[in-house]
Amino acid sequence: MVKHVIIWTLKEMPAEEKAKVKKDIKEGLEALKGKVPQIKEIKVVTDNLPTSTGDLMLDSAFESAEDLAAYSKHPEHVAVADKYVRPFTAHRACLDFEI
């Protein structure tokens, strides 16, 4: 099993806009379960504590590194990333590891 964890820091924006962006990212990515067959688990955490250095986190799991690679190129995933994630992201940190 491969875990794929991403922490995003969003661009500067008003709090109301940031809350909507976080909601849209969460809904968009979590809706990929069932559309992208390689996804075993997917969860987006948006309720971070003030001590956090990021704004939201993706926690996902795949059967293999090959499945993770297929997910990253899947048209449904690319569409969500292009519409809801990339335009609003200032920084992205990623950790992929086997469990």
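This is a predicted model: local features need pLDDT of at least 70, side-chain atom pairs count only at pLDDT 80 or more; totals for chains, interfaces and linings use all residues.
A residue is called partly exposed when its relative accessible area falls between the buried range, under 20%, and the exposed range, over 50%.

Helix α1 covers residues 15-30, and Asp 24 is found in it. Glu 27 and Lys 23 both lie in this helix too, 4 residues apart, or about one turn. Their side chains meet in a salt bridge, with 3.0 Å from N to O. Glu 27 has a relative accessible area of 45%, so it counts as partly exposed. Lys 23 is partly exposed as well, because its value is 46%. The side chain of Asp 24 makes a polar contact with the side chain of Lys 20, at 2.7 Å.

Now let us look at the other charged pairs. In general, side chains of opposite charge can pair when their charged atoms come close. The structure holds 7 salt bridges. One of them joins Asp 59 to Lys 3, with the closest N and O atoms 2.7 Å apart. Asp 59 sits in strand β3 (residues 56-62) and Lys 3 in strand β1, so this pair ties together parts that are 56 residues apart in sequence. How exposed are the two partners? Asp 59 is partly exposed, because its relative accessibility is 25%, while Lys 3 is buried at 13%. The pair also belongs to a network of salt bridges that links Lys 3, Glu 41 and Asp 59.

Another salt bridge brings together the side chains of Arg 86 and Asp 82, 2.4 Å from N to O. Arg 86 is partly exposed at 46% relative accessibility, and Asp 82 is partly exposed at 45%.

Arg 86 also leads us to the largest pocket, being one of the residues that lie nearest its centre, along with Ile 6, His 77, Ala 81 and Arg 92. In total, 13 residues line this pocket. Two or more lining residues come from each of β1 (2-10), α2 (65-73), α3 (75-85) and β4. The volume of the largest pocket is about 230 Å³.

Finally, turn to the surface. Met 1, Leu 95, Phe 97 and Ile 99 make a nonpolar patch of about 390 Å². Ile 99 is placed in the segment after β4 (89-98). With a relative accessibility of 64%, Ile 99 counts as exposed, because the cut-off for that class is over 50%.

Terms used
Residues are numbered from 1 along each chain as its sequence is written. Side-chain values use heavy atoms; hydrogens and water are left out. Patches are made of residues with over 30% relative accessible area and no salt bridge: like charges are joined within 9 Å, nonpolar side chains (Val, Leu, Ile, Met, Phe, Trp, Tyr) within 5 Å. Accessible areas come from the Shrake-Rupley method with a 1.4 Å probe; for residues, only the protein chains shown count as cover. A salt bridge is a side-chain nitrogen of Lys or Arg within 4 Å of a carboxyl oxygen of Asp or Glu. Buried means under 20% relative accessible area, exposed over 50%, partly exposed in between (1.4 Å probe, protein chains only). A polar contact is a pair of N or O atoms within 3.5 Å; within protein, one must be able to donate a hydrogen and the other to accept it, and residues adjacent in sequence count only if both atoms are side-chain atoms. On a 1 Å grid over the protein atoms alone, a cavity is a set of points where a 1.4 Å probe fits but cannot get out, and a pocket is an open set with protein on both sides within 12 Å along at least five of seven lines; lining residues have an atom within 4 Å of a point. Grid points are joined across faces, edges and corners, and a volume is the space filled by probe spheres set on the points.
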